[in-house]
Amino acid sequence: MFPRTVEQVQGVLRGASVTRTPVVARGAGTALTGGSAAGAGAVVLDLSRMDRIVEIRAADGVAVAEPGVITADLDRAAAEHGLRYAPDPASLEISTIGGNIATNAGGLRCAKYGVTRDSVLGLDVVLADGTLINTGRATLKGVAGYDLTGLFVGSEGTLGVVVGATLRLRTLPAPTATIAAAYPDVAAAAAASVALAEARIQPVLAELLDAATLAALASYGLRQTGGALLIVQLDGGPEEASRALEVLRRGATSVRSDGDPASLLAARRQALPAIERLGRPLIEDIAVPRSALAEAVRSIADIARRHDVPICTLAHAGDGNLHPIIVAGSHGSPIPVAAHRAADEIFGLALALGGTVTGEHGVGVLKRAWLSQELGEAQHDLQRQIKAVFDPLGILNPGKAI
């Protein structure tokens with residue numbers, strides 16, 4: 001189904017409720033955990049044609065958008081008013097606002113400006129029986145009632161279908177500095193990121209790339225030798241930039257303020273496509289406390305050696321979100337047992353360090369086995385009860401998330 005209006009979405013859900021037909025909401029299909037994939041007999045509700053930016057209220061710092069709006073398009077529209085839509089997943093040029101809301105997508109700027117949930121003020125949601133509700137508000141403050149808006153964000157289409165969003169916009173800052181610091185190994189680069197936090201320096205982004213990722217990116221214009229690269233961008237003024245440079249020079253093999261930050265960050269966003277050229281990627285998405293970042297990357301390197309599988313590690317180091325990407329054989333071939341074992345150890349590592357099995361990609365079908373271990377049985381059961389309140393027939397994206 002390709003609805004263009006809220007009423008059409010309501011009609012689909014009413015019919016699906018009567019016939020008990022599974023419904024899988026879908027945006028651009030960029031999810032990495034199978035969350036928008038449908039099984040036999042399900043209706044795929046493709047929301048990509050609901051793509052209007054309804055309004056931008058610059059004085060209020062608010063945008064109203066339909067779910068099919070491309071993330072980067074909203075950011076560009078906000079920039080015309082001197083504003084920014086802060087969340088910026090690597091797929092921002094193709095992913096949609098609705099999909100970002102479904103997975104609580106993160107991105108490069110999360111270190112300072114937060115994930116999608118931090119920019120969602122209110123939602124228009126069609127429930128499983130076709131009822132339309134409006135959650136949240138258009139004000140920057142508000143605590144009336146339970147936070148249903150926050151509950152829908154990250155629910156992966158299992159509680160309702162988002163058909164509209166009221167989103168927070170922020171003042172568009174001018175980047176003061178973009179710094180590229182090379183280190184002898186990925187653990188040293190991770191330690192440098194933690195040192196920034198200890199110095200009370202808050203970068204907009206701090207992106208960490210290991211040697212394997214840098215090698216994959218060479219053909220995309222990011223030619224960098226050494227064991228790891230840390231890309232840091234700041235918008236707090238010259239004094240903050242000067243302090244950051246002082247911190248990053250400690251232990252670095254080279255440090256430079258890049259003359260073309262757009263080119264540098266564009267290359268960073270190509271990391272996953274570059275790794276995909278090496279073979280079939282098994283993409284992990286863990287997060288650990290920021291202070292445990294260096295320990296996490298060292299342990300991931302040990303896991304790669306013990307199981308003899310290539311792992312390319314990149315990270316949103318500013319908030320402890322790592323993407324250890326296992327190159328699991330050739331495309332189209334079964335994933336080797338060693339790769340599965342390495343992935344299991346990586347998930348276990350995240351939990352052992354007090355972290356989570358998914359920082360921004362969601363659970364989908366890929367991580368359901370690990371979710372109960374993170375939540376514990378009591379909380380997992382409570383979440384199933386919440387699902388039953390919103391979707392008593394179990395027709396919304398069945399088999400996903402919880």
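The exercises below work through strands, helices, salt bridges and cores of a predicted model.

Residues are numbered from 1 along each chain as its sequence is written. In this predicted model, local features need pLDDT of at least 70, side-chain atom pairs count only at pLDDT 80 or more, and totals for chains, interfaces and linings use all residues, while side-chain values use heavy atoms, with hydrogens and water left out.

**Exercise 1. Strand 10**

Task: State whether the residues of strand 10 are buried or exposed, and find which strands pair with strand 10.

Solution. 
- Step 1. Strand 10 covers residues 177-183; strands (E, at least two residues) and helices (H or I, at least four) are DSSP runs, numbered from the N terminus.
- Step 2. Buried means under 20% relative accessible area, exposed over 50%, and partly exposed in between (1.4 Å probe, protein chains only). Seven of the seven residues of strand 10 are buried, so the strand is largely enclosed by the rest of the structure.
- Step 3. In a regular strand, side chains alternate between the two faces of the sheet. One side of strand 10 holds Ala177, Ile179, Ala181 and Tyr183, the other Thr178, Ala180 and Ala182, and both faces are covered.
- Step 4. Two strands pair if DSSP finds at least two bridges between them. Strand 10 pairs with strand 12 (residues 228-234) through seven bridges in the antiparallel sense, with Ala182 opposite Leu229.
- Step 5. Strand 13 (residues 254-257) also runs antiparallel to strand 10, with four bridges; there, Arg256 is the bridge partner of Ala180.

**Exercise 2. Salt bridges**

Task: Find how many salt bridges the count comes to, and examine the pairs Asp73 with Arg76 and Glu345 with Arg306.

Solution. 
- Step 1. A salt bridge is a side-chain nitrogen of Lys or Arg within 4 Å of a carboxyl oxygen of Asp or Glu. The count by this rule is 16.
- Step 2. Asp73 and Arg76 meet at 2.8 Å, N to O. They are three residues apart in helix 2 (residues 71-79), and so separated by about one helical turn.
- Step 3. Asp73 is partly exposed at 36% relative accessible area, and Arg76 is partly exposed at 41%.
- Step 4. In the salt bridge of Glu345 and Arg306, the closest N and O atoms are 2.9 Å apart. Glu345 belongs to helix 12 (residues 337-352) and Arg306 to helix 11 (residues 293-307), so the pair ties together parts that are 39 residues apart in sequence.
- Step 5. Glu345 is partly exposed at 29%, whereas Arg306 is exposed at 52%.

**Exercise 3. Nonpolar cores**

Task: State how many residues the largest nonpolar core has, and which have the most contacts inside it.

Solution. 
- Step 1. A nonpolar core is a set of buried Ala, Val, Leu, Ile, Met, Phe, Trp, Tyr and Cys residues joined through side-chain atoms within 4.5 Å.
- Step 2. The largest has 51 residues, and those with the most contacts inside it are Leu208, Leu230, Leu248, Leu322 and Ile326.
- Step 3. Apart from this core lies another, of 23 residues, including Leu74, Val162, Leu169 and Phe390.
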